[in-house]
Amino acid sequence: MSRREEYEARAEKILEPIMEENHFELVDVEYVKEAGNWYLRAYVDKEGGITLDDCELVNRAWSDIMDEEDFIPEAYILEVSSPGLGRQLKKEKDFARSIGEDVDVKFYQARKIPAGKNGKEISIKEITGTLKGYTKETITIETEFAEDYEIQRSDISTVKLTIDF
């Protein structure tokens, strides 16, 4: 387990009782370096949507415990946030909850797909479709090109809910 994964796992364990006590859902925890600063972020949600006051409540409780535990030697910024409208799907529960929803899938490398009845192929780095299913190794979406387009998860850099305005 990498240092990042260890920090995220320990932070999740600390957050679990806070989530249960307040009937919140812990969507994700990430430990990332951005613009020279380390961030330990928790994405939380609840039925009807998370509020700024909810985020503040979690941040205060989490910050106190993190100060006591003090298991991250580097300086970092602690953040609690909503996962947002275009939330990334990472965990099995994210995929299960999103069946039937439109998703944006980005690939690590461009890939060729058939584009129409004439047999021509096009090269794409991302695709949008309706999430129809998933396994540990694949996701299946319905696109304008195919009713059941199966994609290996190992080829995917991100899967996010599509934001419709």
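**Reading burial and salt bridges**

Modeller: Asp54 counts as buried, at 12% relative accessibility. The model is predicted.

Colleague: How should I read that label, and what is the cut-off for buried?

Modeller: Buried means under 20% relative accessible area, and exposed means over 50%. Asp54 is at 12%, so it falls in the buried class.

Colleague: Which residue does the side chain of Asp54 meet in a salt bridge?

Modeller: Its partner is Lys46, with N to O at 2.8 Å. Lys46 counts as partly exposed, because its relative accessibility is 28%.

Colleague: What cut-off makes such a pair a salt bridge?

Modeller: A side-chain nitrogen of Lys or Arg has to lie within 4 Å of a carboxyl oxygen of Asp or Glu. The Lys46 and Asp54 pair, at 2.8 Å, therefore qualifies.

Colleague: How many salt bridges are found in the whole structure?

Modeller: The search finds 18. One of them joins the side chains of Asp28 and Lys90, at 2.7 Å from N to O. This pair links distant parts of the chain, 62 residues apart: Asp28 is in strand β1 (residues 25-34), and Lys90 is in the loop between β3 (77-81) and α3 (92-97).

Colleague: Are Asp28 and Lys90 buried or exposed, or partly exposed?

Modeller: Asp28 is buried, at 11% relative accessibility, and Lys90 is partly exposed, at 37%.

Colleague: Which residue forms a salt bridge with Asp45?

Modeller: Arg87 does, and the closest N and O atoms of the pair are 2.6 Å apart. Asp45 belongs to strand β2 (residues 37-45) and Arg87 to the loop between β3 and α3, so the bridge ties together parts 42 residues apart in sequence. Asp45 is buried, with a relative accessible area of 16%. Arg87 is buried as well, at 9% relative accessibility.

Colleague: Which residues are linked in a network of salt bridges?

Modeller: The network links Glu25, Lys93, Asp94 and Arg97.

Colleague: Now the surface. Which residues form a negative patch?

Modeller: A patch is made of residues with over 30% relative accessible area and no salt bridge, like charges being joined within 9 Å. Here Asp64, Asp67, Glu68 and Asp70 form a negative one. Asp67 sits in helix α2 (residues 52-69). Asp67 is exposed, because its relative accessible area is 56%.

Colleague: How are the charges of the protein chain placed as a whole?

Modeller: There are 23 positive and 38 negative charges, and their mean positions are 6 Å apart.

Colleague: What elements make up the protein chain, and in what order?

Modeller: There are three helices and eight strands. From the N terminus on, the order is α-β-β-α-β-α-β-β-β-β-β.

Colleague: What part of the contacts comes from residues 24 or more positions apart?

Modeller: Among contacts in the protein chain with a separation of 6 or more, such residues account for 54%.

Methods:
Residues are numbered from 1 along each chain as its sequence is written. This is a predicted model: local features need pLDDT of at least 70, side-chain atom pairs count only at pLDDT 80 or more; totals for chains, interfaces and linings use all residues. Side-chain values use heavy atoms; hydrogens and water are left out. Patches are made of residues with over 30% relative accessible area and no salt bridge: like charges are joined within 9 Å, nonpolar side chains (Val, Leu, Ile, Met, Phe, Trp, Tyr) within 5 Å. Accessible areas come from the Shrake-Rupley method with a 1.4 Å probe; for residues, only the protein chains shown count as cover. Lys and Arg count as positive and Asp and Glu as negative; His and the chain ends are not counted. The place of a charge is taken as NZ of Lys, CZ of Arg, CG of Asp or CD of Glu. Helices (H or I, at least four residues) and strands (E, at least two) are DSSP runs, numbered from the N terminus. Buried means under 20% relative accessible area, exposed over 50%, partly exposed in between (1.4 Å probe, protein chains only). Contact means heavy atoms within 4.5 Å.
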